[in-house]
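Okay, everyone, thanks for coming.

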Amino acid sequence: MAHSTDLDLVNVIKRFGSHAAVNDVSFSVAPGEFFSILGPSGCGKTTLMRMIAGFENPTSGDIRIRGKSMIGVPANKRPVNMVFQSLALFPMMSVGENVAYGLTCRDVSRAEAEERASRMLERVGLKGFGERRVTALSGGQRQRVAIARCLVLEPTLVLLDEPLGALDLKLREHMKIELKQLQSTFNTTFAYITHDQSEALVMSDRIAVMNQGKFEQVGSPRELYHNPATPFVASFVGETNKWQGEAAAAANGAISVRLPSGTVVQGQGKVADKASLAFVRPEAVALAQDASVLSSLPNRFEGRVSAVLFDGANSSLLIDTAGFDQPVRAVLPQAGPLAGIQVGAPIHVGWTADAMKVFAA
Amino acid sequence: MNRPSLSWKLYIAAFYIFLFAPLLVVAIFAFNASPFPSPPWRGFTLEWFTGTGTAVGKPGVLVDPIWLDTIANSFKVAIPVALLAVLIGTVNAWVLERAEFPGKTFLSMMMLWPLVIPGVVLGISILAFFSRVANGLEEWLQTDLDFLRPGLSLVVLGQLSFILTISTLIIAARLRKFDRSLEEAAFDLGASRVRVLRTITLPFLRPALIGAGLVALLMSFENFNTTLMLVGSEAPLPITMYGQMREGASPAINAVSLLLMLGVGGIASVFALTSKAER
Amino acid sequence: MSQKPARSLTLFLLLAPAVLWLGLLIVLPHVEILVLSFSERVAPRVYAFGFGNYLEFFTEPLYWRTFARTAIMSIIVTALTLVLAFPIALYIARVAQGRLKAMLLLLCLLPFWVSELVRTLGWMILLRETGIISYTLRAIGLADQPVELLYNDGAVILGLVYGGLLFMIVPLANALESLEPSVVEAGFDLGGSRWTVLRRIVIPHAMPGIVAGSIIVFMLTVGNFATPVLLGGKNGLWFTEQIYAQFITRFNWPQGAAFGMLLLMLSSAIVWAGLRLTGQSLGTTLKQA
């Protein structure tokens, strides 16, 4: 019977002594979804993943897979398979034996297991690798073997514990795309944990941002990026400018914030307390050599370029701006008239009130 | 420092000659057709290995029942010692690396202790203790408990007392290098606990298990101090050799020694090959 | 939680072999000889508590002199082994490269895979009156009658040093191996002579290895039996021989047990002192070896 969700966590709490590693987390993952849990190291995401896999038991709460509670079900009996951070390929076995391992555990005949393993290897683009030793594979190939080893068992859910962490940058970029493609061709539900926001943003259908044992926000990559619900999400997901100040007048969600220097900026948000944090994405900061271009913006300031951070398409400027204790960071389009700007050049910056998110500090 | 002086090199050369001289001499004089293992050289012979005794006065070691029995005795001790050392050593290694319980540090120190006890003291203490146990039990059960009296079974226990430390250390060292996520991965893929142990953990430990077994075999074969205190009427090889050497030996003992060297060399190369193959 | 009792049962089963081993083969036997060493025979087959066995040790010169001799000779042997082994270990660790290094180390190991008795037999054939050295000396005219090189202290020391070499070289080489070449180079660069660099940089770095090697060699030497008896003959006078004599020949177990306790104390005291002097623990020291 098809169930509308593959995975449900209900008020899951995990305590180690008095410390709550996972503190009252609930979420659901739909069939075929690529769901990521994003958070800094030590936020409890690994513990959460290990509870879903069955290596840890929650202190309280329920974990359900296709509606069936997994409490008390050991890891080897759950329809969940995990790709480990270290990949954990069995070094004493060939590639084919690694992939066939789970099948032989299910008493599938040897011949059939080998047959299905080699078909799976073919599907992940490793045709004819069955006889090789796992130590003879490249990083990306090992990755694919680790995933094939799970997928061959046709699990309801595949868990991935930062599997790209050990790869070098170039390969990691490549594997992000490959993982996403694999997931969509197999149409298997993936739950992916990572501390790398770019991995999460690129691959996921939905992301949960986790901090100190709790979910801060769950949503699509776009939602998280453009409408962060908490200051943590605003600063953890994507690059951002961040200033502290005091919230002044507020009406209809519009808020003005007075910075310590006395400068007032206009933003949006709901703030009960006075102390507040204001965030602006670097790409939301408009740049102009002529102040008149920015005249329609409620936030307009004049500054001087203090550093040019050239990084191709990701290039940006740091701008010392009067009234701001930290330089304003702004994306520098490499195709525009400002592409050749030098340190020390005077410049005008501005942004809309919508672009600035204000939160209680 | 990177350019060794000539005198240093000469010293190294002299050192290795010094190291091998006694062994070489033992090997060479195993083939001397003389009733004594001393110069002069009286010609090459294999009598000390296979001779019937007509030419040199004593039968060769491969036909002499005295030597054959003593070699058999050594095996009767070494094989149980090696098997038990691997079996118990594996359990101990598991305790050291995997189990958590109060007093673990104390236990791991205790496991090292046998290494700092002189072998003779181990021998007499086990002899004295098991004699007392045997006396007590025999009185109570009204039956003879010969296996607690000096003899091969007591030699096995005496050798185990310190060989277990070695086998435990060898296996624990390998277990420490084991990536536990391999076990979790296998478990996650549906394997039972027993299957994980059989297909993942034990294959990983295999070189250490073989190594520990071979080291235990060698140590048992060569142990003298502890064994001397615990032997009964059936003597293993080192004890018989010692007896013969005190009396003024015939080259038969050289022949035995050469066989021993070849055996040890064989075991050592198996050990070296298995450890290399795993790397 | 039904896992709790199952888990403690597993722990119990895992611990059982270790507890049986250490209890039945190490702790209780040592308690036994400790008790035994304090028992005196007051009448045939009747024993009472007393210090007689230890008093006997101090009043009978043969016993305590043998004990002192064993201790002193063992220290000499350990020192000699260290001095002889150091250049070898240094060469293996710092000079030799690749295959040569592996081969030198393997060649060091090989003789020690062979029984102590075989090695001692070799020395007997070399050193005795009718042996190879004596024979050679006569053949080249350096002696006109057979020379007895066996059955003296020199032969005993030679045999014991030979037996200890490997156990010194391996920990030394391990310790020297970890010395950064750049540190040595810096020492030379800063104007140190060979001797200063050795004394101020190399030896301090090798200290854990030196301690480990020395402790092991000392323990093996003090507890040796066959080498002093076979190479020293009547002049061997090693303390283990006294233990053997009391236990096996005279069947005076309480006296033998007292001797055993004394030997154990000597061995432990030196190990302890060595560790204290250099501030190391037994665990790390044994790991060095």
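Let's begin with chain B: how much of residues 71–271 is helix, how much is strand, and how far apart are the end C-alpha atoms? Just bear in mind that we're looking at a predicted model. Over that stretch, chain B is 80% helix and 0% strand, and the end C-alpha atoms sit 22 Å apart. If you go to UniProt, an unreviewed entry annotates residues 71–271 of chain B as "domain: ABC transmembrane type-1".

Now, who does chain B touch? Look over at chain C: 66 residues of chain B are in contact with 62 residues of chain C. On the chain B side, helix H1, residues 6–28, gives the largest share, with 12 residues. And what's that side of chain B made of? It's 56 nonpolar residues, eight polar and two charged.

Okay, over to chain A. Here we've got an open sheet of six strands, and the order is S6-S7-S8-S3-S9-S10, with mixed pairing. The edges are S6 (80–83) and S10 (214–219) of chain A, each pairing on one side only. From one strand to the next, the twist averages 20°.

Let's zoom in on one pair from that sheet. In chain A, S7 (residues 157–161) and S8 (residues 189–194) run parallel, with five bridges between them.

Last stop: helix H4 of chain A, residues 139–151. H4 lies across S6 and S7 of chain A, and runs at about 175° to S6(A).

How values were computed:
Residues are numbered from 1 along each chain as its sequence is written. Chains are lettered from A and ligands numbered from 1 in the order in which they are written. This is a predicted model: local features need pLDDT of at least 70, side-chain atom pairs count only at pLDDT 80 or more; totals for chains, interfaces and linings use all residues. UniProt positions are given in the numbering used here, feature names are shortened, and annotations may be inferred rather than shown by experiment. Helices (H or I, at least four residues) and strands (E, at least two) are DSSP runs, numbered from the N terminus. Two residues are in contact if their C-beta atoms, placed from the backbone, lie within 7 Å. Ala, Val, Leu, Ile, Met, Phe, Trp, Tyr, Cys and Pro count as nonpolar, Asp, Glu, Lys and Arg as charged, and the others, Gly among them, as polar. Two strands pair if DSSP finds at least two bridges between them. Axes are lines fitted to C-alpha atoms, for helices over the stretch in contact, and angles run from 0 to 180 degrees between N-to-C directions.
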